[in-house]
Amino acid sequence: KAILTIAPYFAGNVPEVLPLIPVAALLITFDSIRELAFAIVRSKEKMQTEAGISIITNIAITILGIGAIFFFDATPLSLMIGYTLGSVVGTIAAYWVVREDLQNPFKYFRKKLVMPMIMEGLPFGLMGLLGSLMLNVDTLIVGWLTSAADAAKTLGIYAAAQRPVQVLYMVPSILSVAFFPALARLATLDKARFKNLLEGALSISFLIAIPLVVGGLILGSDLM
C-alpha cells in the first residue's frame, strides 16, 4: 500500500512508470515473502538450498521475462509482469522446500521473545532501509533533474551504466549470507572458532575488494 501511495509522487517526470507501480508492488511482496522462507533455510545453515532456490527463481524470471516480451507486447510492463511471475515461481519453490517447518508455525512461538527480537532487528532494518536509499536515490535525482521528454531515455542509459557496479554489490551480499548464520551460532558457543571464521571472512573480503579498488583507480580515467 505504501508503494502504491508514495511511489507515484516520485515518478512525476516519467509517466510511463505509473502502470508499472502496482506490478512492482506485487514483485516486492513476493520477494519479501520468499525472504521469510530463506530465513528458515539460513537458520539451518543450508546455504546450498537457498542457492538452489535462487537459481530456480532466476531461471524462471529469465524464461518468463523473455516469453512475455516475445509472445506479448515488447513493453516494460510485459517485462515486469514476466519478472514478477518468475518471482512467484521462486516463492512457491521456497515454501515447498520449507513446507515441513511450516506445518505447525506456532510450535516454537514465545511471546516474551517478540520485543527482544524486534529491538535486535531494528538496526538491521535501518541498515537495509538506508542501503536501499543509498543505491536508488541517484536514480530519483536523475529523474527529477531531467525534462519529462527525455527522462525515460536518460534513466534507461543511466540504469544500463549502473549494472556492472550493481553486480559488484552482490559480492558482499553473497559473503554475508554464507557466513552470518555460522557466525551467529558460534558467537555464543565457540569464541575461538568464531574469531577464526570472522578473520577468514574479512580476509576473503579484502582479497576481493583490494584488487577491485586498485583496478578502479588505475583504469577509472580510461573507463569514464
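How closely do the axes of α3 and α4 come, and at what angle do they cross? The two axes come within 7 Å and cross at roughly 150°. That makes α3 roughly antiparallel to α4, where angles under 35 degrees count as roughly parallel, over 145 as roughly antiparallel, 65 to 115 as roughly perpendicular and the rest as oblique.

This is a predicted model, in which local features need pLDDT of at least 70 and side-chain atom pairs count only at pLDDT 80 or more, while totals for chains, interfaces and linings use all residues. Residues are numbered from 1 along each chain as its sequence is written, and side-chain values use heavy atoms, with hydrogens and water left out.

**Overall composition**

The protein chain has seven helices and zero strands, and its pattern along the sequence is α-α-α-α-α-α-α. Helices (H or I, at least four residues) and strands (E, at least two) are DSSP runs, numbered from the N terminus. Of the 224 residues, 20% count as buried; buried means under 20% relative accessible area, exposed over 50%, and partly exposed in between (1.4 Å probe, protein chains only). Among contacts with a separation of 6 or more, 61% are accounted for by residues 24 or more positions apart, a contact being heavy atoms within 4.5 Å.

Two packed helices are described by the angle between their axes and the distance between the axes. The axes are lines fitted to C-alpha atoms, for helices over the stretch in contact, and angles run from 0 to 180 degrees between N-to-C directions.

| Helix pair | Axis angle | Axis distance |
|---|---|---|
| α2 and α3 | about 155° | 8 Å |
| α2 and α4 | roughly 20° | within 9 Å |
| α3 and α4 | roughly 150° | within 7 Å |

The crossing of α3 and α4 is right-handed. A crossing is left-handed if the near helix is turned anticlockwise from the far one by less than a right angle, and right-handed if clockwise. Residues of α3 in this contact include T49, I53, T57 and A60, and those of α4 include S78, G82, G86 and G90. By class, the contact of α3 with α4 has 14 nonpolar, eight polar and no charged residues. Here Ala, Val, Leu, Ile, Met, Phe, Trp, Tyr, Cys and Pro count as nonpolar, Asp, Glu, Lys and Arg as charged, and the others, Gly among them, as polar.

Helices α2 (residues 20–43) and α3 (residues 47–71) are roughly antiparallel to each other, and their crossing is right-handed. On the α2 side, R34, F38, V41 and R42 meet M47, T49, E50, I53, S54 and T57 of α3. This contact of α2 with α3 has four nonpolar, three polar and three charged residues.

Helices α2 and α4, by contrast, are roughly parallel to each other, with a left-handed crossing. Among the residues that meet are V23, L26, L27 and R34 in α2 and M80, T84, S87 and G90 in α4. The contact of α2 with α4 has 17 nonpolar, four polar and two charged residues.

**Individual residues in these helices**

T57 lies in helix α3 and is buried, with a relative accessible area of 4%. A polar atom of the T57 side chain is 2.8 Å from the backbone oxygen of I53, a polar contact being a pair of N or O atoms within 3.5 Å; within protein, one must be able to donate a hydrogen and the other to accept it, and residues adjacent in sequence count only if both atoms are side-chain atoms. Leaving aside residues up to four places away in sequence, T57 touches R34, G86, S87 and G90.

T84 belongs to helix α4 (residues 76–97) and counts as buried at 6% relative accessibility. The side chain of T84 has a polar atom 2.8 Å from the backbone oxygen of M80. Not counting residues up to four places away in sequence, T84 touches V23, L26 and L27.

S43 is placed in helix α2 and counts as exposed, at 56% relative accessibility. S43 and P181 are 138 residues apart in sequence, and 6.4 Å apart in space, C-alpha to C-alpha.
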